[in-house]
Each structure stands twice: as structure tokens, then as C-alpha cells.
Amino acid sequence: MSDVFEGYAGQYCEISAALSRKCAAASALDGEKKKQKLSEIQADVQESESLIRRMDLEARSMQPSVKAGLLAKLREYKSDLNSVKGEIKRLSAPNAQQATREELLESGMSDTLAASSDQRGRLMMTSERLNQSSDRIRESQRTVFETEEIGVSILQDLHNQRQSLLHAHTTLHGVDDYIGKSKKILASMSKRMDRNKWIVGSIIATLVFAILFILYFKFA
């Protein structure tokens, strides 16, 4: 721990003990003596505040591992000094009842402000969560709309493809009919050609036979 910080802390502890004694003594005094004692107390308070500022600067200049402990001790000193200031304020008031009333008002105001701050924080968090939920809902709706549009587009494409397939099927069926008719015509032509071949063959054979017959009788 810093020797400088320890030196300031020792001085503060001495002044703090003296302040406690002076506050106890002032509570039993009245009039000018009380005012004089309160003036001495205020001077000690100013000196205590000066020591706390020096300790704060010294603590913040230390390494992080040391600084944390010094700042924790410094918070204790500040809390102690605030208690002394509250006691001085009570002693400076015209009567103890008024001082107590002021302390209660300050405490109530502090609690009200703290509660208001907590409520404001909760409302802000709730509002932020609602905004995030609304954003997620809008994003989900946008995704649903996009998905719906894609689905409609796919259905239209499928319908068009179905119409194309039906048209192709009809066309193929017509082609099959034409092919069937062509086959029948070719078969009929083939039969006619075969019949014509037999007829031509018969005619040729008859002519050859007739020529041979004529030649035979001519040279016989």
C-alpha cells in the first residue's frame, strides 16, 4: 500500500475522531459557544475533504491491483464524513425536530428519486423489449409475405408447366394419330405394290411364254 495514502489516512482518522468529540461537545452547548464550536468543526470538515481529495488522487495513480483496495477504503472514509456532515447539519438547525424533519424529507426525496429512477429504467427496458418484439414481428410478417409471394410464383410456374405438358401431350397424341394413319397408308401402298408386282410378273411370264410358243411353231 502507498505510504503517502497511509499518511493521509492517518491524518484523516485523527481529524475524524476529533470531529466526533467536538460534535458530542457541541450538542451540549448553546448560543455563541455552540457557534464557535461549529466553526471549528467546519474547519475540520474542510480539512477532511482536502485529505480525501488527496487520497483519491493518490489511489488513482496506483496499480489496478492496489487501487481497488484503496478506493474501497476511501469510500468508507467518504461515508464516514457524510455522516459527520449530517450530524453537523442537525446541530446547526434551530431545533432537533426541524433537523430530523429535514433528514426525513431528504431521505424520502432520495428514496422517491431512486424509485422513480428504477421505474424509469424498468419502463425503458420494457419499452425497448416491446420495440424489439415489434421489430421481430414485423420481420416475421415480412418473411411470411415474401414466402407467400414466392409460393404464389412457384404455383404459377407449376401451372404454366402443367399447361405446357398438357399441350405437348395433345400434340404428341395428334402426332401418334398421324403416324398411325401413315402406317396404314404405307401398308396399303405396300400391298398394292406387291399385287402390282405379281400382276407385272404374270404379264411378263405370259409374254415370254407366248413368244416361245410362236418361235416354236415358226421353226418347227
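1. For what follows, axes are lines fitted to C-alpha atoms, for helices over the stretch in contact, and the angles between them run from 0 to 180 degrees between N-to-C directions. With that convention, helix α1 and helix α3, the latter spanning residues 64–92, pack at an angle of about 20° with their axes 11 Å apart. Angles under 35 degrees count as roughly parallel, and α1 and α3 are therefore roughly parallel to each other. The crossing in which α1 passes α3 is left-handed.

2. On the α1 side, the contact is made by Phe5, Glu6, Ala9, Tyr12, Cys13, Ser16, Leu19, Cys23 and Ala26, while α3 contributes Leu70, Lys73, Tyr77, Asp80, Leu81, Val84, Glu87, Ile88 and Leu91. Divided by class, the residues of the contact of α1 with α3 are 13 nonpolar, 1 polar and 4 charged.

3. The model is a predicted one, which should be kept in mind throughout. The protein has 4 helices and 0 strands, and its elements, taken from the N terminus on, run α-α-α-α.

4. How do α1 and α2 run relative to each other, roughly parallel or roughly antiparallel? The axes of α1 (residues 3–26) and α2 (residues 31–60) come within 9 Å and cross at roughly 160°, which makes α1 roughly antiparallel to α2. This crossing of α1 and α2 is left-handed, and the contact of α1 with α2 comprises, by class, 16 nonpolar, 2 polar and 8 charged residues.

5. Once its neighbours within four places in sequence are left aside, Asp56 is in contact with Leu71, Leu74 and Lys78.

6. For the protein as a whole, buried residues make up 15% of the 220 residues. Among the contacts between residues at least 6 apart in sequence, 65% join residues at least 24 apart.

7. In the predicted model, residues 198–217 are 100% helix and 0% strand, and the end C-alpha atoms of the span lie 28 Å apart.

Note on methods
Residues are numbered from 1 along each chain as its sequence is written. This is a predicted model: local features need pLDDT of at least 70, side-chain atom pairs count only at pLDDT 80 or more; totals for chains, interfaces and linings use all residues. Side-chain values use heavy atoms; hydrogens and water are left out. Helices (H or I, at least four residues) and strands (E, at least two) are DSSP runs, numbered from the N terminus. Angles under 35 degrees count as roughly parallel, over 145 as roughly antiparallel, 65 to 115 as roughly perpendicular and the rest as oblique. A crossing is left-handed if the near helix is turned anticlockwise from the far one by less than a right angle, and right-handed if clockwise. Ala, Val, Leu, Ile, Met, Phe, Trp, Tyr, Cys and Pro count as nonpolar, Asp, Glu, Lys and Arg as charged, and the others, Gly among them, as polar. Contact means heavy atoms within 4.5 Å. Buried means under 20% relative accessible area, exposed over 50%, partly exposed in between (1.4 Å probe, protein chains only).
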